[in-house]
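Please find below a note on the structure shown here.

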Amino acid sequence: MSLSDLVLSLADNKQMLGLRYAEWATRAPSLEADIAAAAMGLDDLGHSRVLYGCLEPLGADPREPERESDAGAIRNLAYFDEPWTEWSQFVAANAILDTSFTLMIESCVGGSVEVLRHRLRKMLMEERYHFLHGRSWLRSGIDNTALVRAWQEALEFFGPPDGEVEQLHREGKLAVGPAELRTRLEEQLETKAPKVTVHWNLWDPKRRRTAEGAIDEHTFGMLRGLEEKKYAPPTAKQAAS
Amino acid sequence: MSTGYKRVSGDAVEYEVFARKARVDPLHLVGSVVAPDADLAMAYARATYDEERWCEMAIVRKDDVIRLWSPGET
């Protein structure tokens, strides 16, 4: 596993996080929360574009051709496989997973790789408001199921104690390793991670998750542009064929 | 889907949002947001009023504004 693989994982997760946020732009508990969901969605989709753009300068692009046909080739956490049905899922993702991604980006910005040091810095400013939003809603108290699942997947995203993130940290490419990432997440959220067990023997290093599965068919179709084609007028379909 | 979030209604207060585009401009009122705490009010203000390139944005609890007089009282 390389730094490019980690950046691609960040990019895919940011893209899915942005899409899932956007799905709540008319379903959040208040108008302000609707607008925040839309704004954070746009931010994260923009961040994913920047991260994809870093792959070429980093060297070998780890995006495989299977990404066009197999949803399982997209490197998102299982948390984003299906649309969220409860606001508590939104809040847990916002507070815990979004912050986990930000901490990893901070680690890239503090590392020795120039393209990441420069291009990812601006994201950290925007993410400050995602964090304030997530932490505030988290303090109000949410369903424990979503919370525990988000923590579990955040720890899976950071990776095993002696895995490639730790190796990249030792090489100086990342400012911190998995243990420090977890500590910083707990400090920022002013809480301890719940007791969760990660079965590292089941962990997929590319997708940074232990669970099988993939994003839902509708979302995958949308990512590939198929949903857009489905609603195109017949004349456009004829022209395309 | 869960409903009935008490912090949207009972706990929430109004915050006025001020901003300016250039250092030479005075801060002026651009709108308001309703939120249960200052953290969330900051996130809401940024999300709602970020369509322009402000060089400064600030929020203040509406309750903290001391009014000398109001419309119709002069």
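What is the handedness of the crossing of H3(A) and H5(A)?

1. The crossing of these two helices, H3(A) and H5(A), is left-handed; a crossing is called left-handed if the near helix is turned anticlockwise from the far one by less than a right angle, and right-handed if clockwise. This is a predicted model, in which local features need pLDDT of at least 70, side-chain atom pairs count only at pLDDT 80 or more, and totals for chains, interfaces and linings use all residues. Residues are numbered from 1 along each chain as its sequence is written, while chains are lettered from A and ligands numbered from 1 in the order in which they are written.

2. Helix H3 (residues 87-109) of chain A packs with H5(A) at an angle of about 150°, the axes being 9 Å apart (axes are lines fitted to C-alpha atoms, for helices over the stretch in contact, and angles run from 0 to 180 degrees between N-to-C directions). H3(A) is therefore roughly antiparallel to H5(A), a term for angles over 145 degrees; under 35 counts as roughly parallel, 65 to 115 as roughly perpendicular and the rest as oblique. Among the residues making the contact are A:Val91 and A:Ile105 of H3(A), and A:Leu124 and A:Phe131 of H5(A) (contact: C-beta atoms, placed from the backbone, within 7 Å).

3. Chain A has eleven helices and zero strands (DSSP runs, numbered from the N terminus: helices are H or I with at least four residues, strands E with at least two). Its radius of gyration, 18 Å, agrees with the value near 18 Å of a compact globule with 241 residues (taken over C-alpha atoms; the rule is 2.2 Å times the number of residues to the power 0.38). The C-alpha trace of chain A spans about 55 × 45 × 35 Å along its principal axes.

4. H5(A) (residues 121-139) also packs with H2(B) (residues 38-49), at about 135° and with axes 8 Å apart. The two helices, H5(A) and H2(B), are therefore oblique to each other. The contact includes A:Tyr129 and A:Leu132 of H5(A), with B:Leu40 and B:Met42 of H2(B).

5. Between the chains, 17 residues of chain A are in contact with 18 residues of chain B. H2(B) supplies eight residues, the largest share of the side of chain B that touches chain A. That side of chain B divides into eleven nonpolar, two polar and five charged residues (nonpolar: Ala, Val, Leu, Ile, Met, Phe, Trp, Tyr, Cys and Pro; charged: Asp, Glu, Lys and Arg; polar: the others, Gly among them).

How values were computed: Two residues are in contact if their C-beta atoms, placed from the backbone, lie within 7 Å.
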